[in-house]
Amino acid sequence: MILSDFFLLLFSLRKFQGIYIDMKNSYICPSCRSHLKVVSHITFSVITSGGKAGLLLLSPELGDYSVIYHDSLTIEEGEHVDFFCPVCHENLGAKSANPDFAEVILIDENGKEYRLVFSVIAGKKCTFKIAGNSILEAFGDDADEYFNFWGETPKY
Ligand SMILES: [Zn+2]
């Protein structure tokens, strides 16, 4: 009995450690500063241009464009999707200079804050990590298409 408790404890410690390693980046709502990442995914509430609403999960790995959502939420390729903070319901695209983008705050493992700007057009793979007026990193196959816009007129 004691031995099995010990293994159970070891197992739960290993699980906790795995989650901890994954927590190196934090994703924060720019409006209410709530943490949007729960365990392994960044959580948003969304409304499509077709009027469908639901919860949508994104991978915290930059450049990974896998998306998780319930079957009841249908998203067409190329459709504009409004992203909202699930806590304060702020439209995360509201402050964006380009209506095709939304943004959250990324805090890295050293506590440094960046703006993470990402495409809200379904299927468009484009994410920019921004500090001040500079794009530090670009991710996604479609980033080149938008790079000049964000590179030349960064209005945040
Ligand atoms: Zn919020």
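**Reading strand pairing and the core**

Me: Which residue in β8 stands opposite Val104?

Reply: Val104 has Leu116 of β8 opposite it. The model is a predicted one, in which local features need pLDDT of at least 70 and side-chain atom pairs count only at pLDDT 80 or more, whereas totals for chains, interfaces and linings use all residues. Residues are numbered from 1 along each chain as its sequence is written.

Me: In what order do the strands of the open sheet lie?

Reply: The order is β1-β7-β8-β9-β10, five strands with antiparallel pairing. Because β1 (26-28) and β10 (134-139) each have a single partner strand, they stand at the edges, and one side of each is left without a neighbour in the sheet. On average, neighbouring strands of this sheet are turned by 30° against each other, direction ignored; the axes are lines fitted to C-alpha atoms, and angles run from 0 to 180 degrees between N-to-C directions.

Me: How many residues lie between β2 and β3 in their hairpin?

Reply: Two residues lie between them, and Val39 in the turn has a positive phi of about 60°. The strand β2 (residues 37-38) runs antiparallel to β3 and is joined to β3 by two bridges, with Lys37 opposite Ile42. A hairpin is also formed by β3 and β4, with four residues between them and a positive phi of about 90° at Gly51 in the turn. Six bridges join these antiparallel strands β3 and β4, and Ile47 stands opposite Ala53 in β4.

Me: What does one look for in a core?

Reply: In soluble globular proteins, nonpolar side chains tend to be buried together. A nonpolar core is a set of buried Ala, Val, Leu, Ile, Met, Phe, Trp, Tyr and Cys residues joined through C-beta atoms within 7 Å. A residue is buried if 20 or more other C-beta atoms, placed from the backbone, lie within 10 Å of its own. Here the largest core has 25 residues, and those with the most contacts inside it are Leu36, Phe44, Phe83 and Val104. The elements giving two or more residues to this core are β3 (41-48), β4 (53-58), β6 (81-84), β7 and β8. Its largest share, four residues, comes from β7.

Me: Is Cys85 buried or exposed?

Reply: Cys85 counts as buried because it has 21 C-beta neighbours inside 10 Å. Cys85 lies in the loop between β6 and β7. Its C-alpha atom is separated by 6.4 Å from that of Cys29, 56 residues apart along the chain.

Notes:
Pairing = 2+ DSSP bridges. Buried ≥ 20, exposed ≤ 12 C-beta atoms within 10 Å, placed from the backbone.
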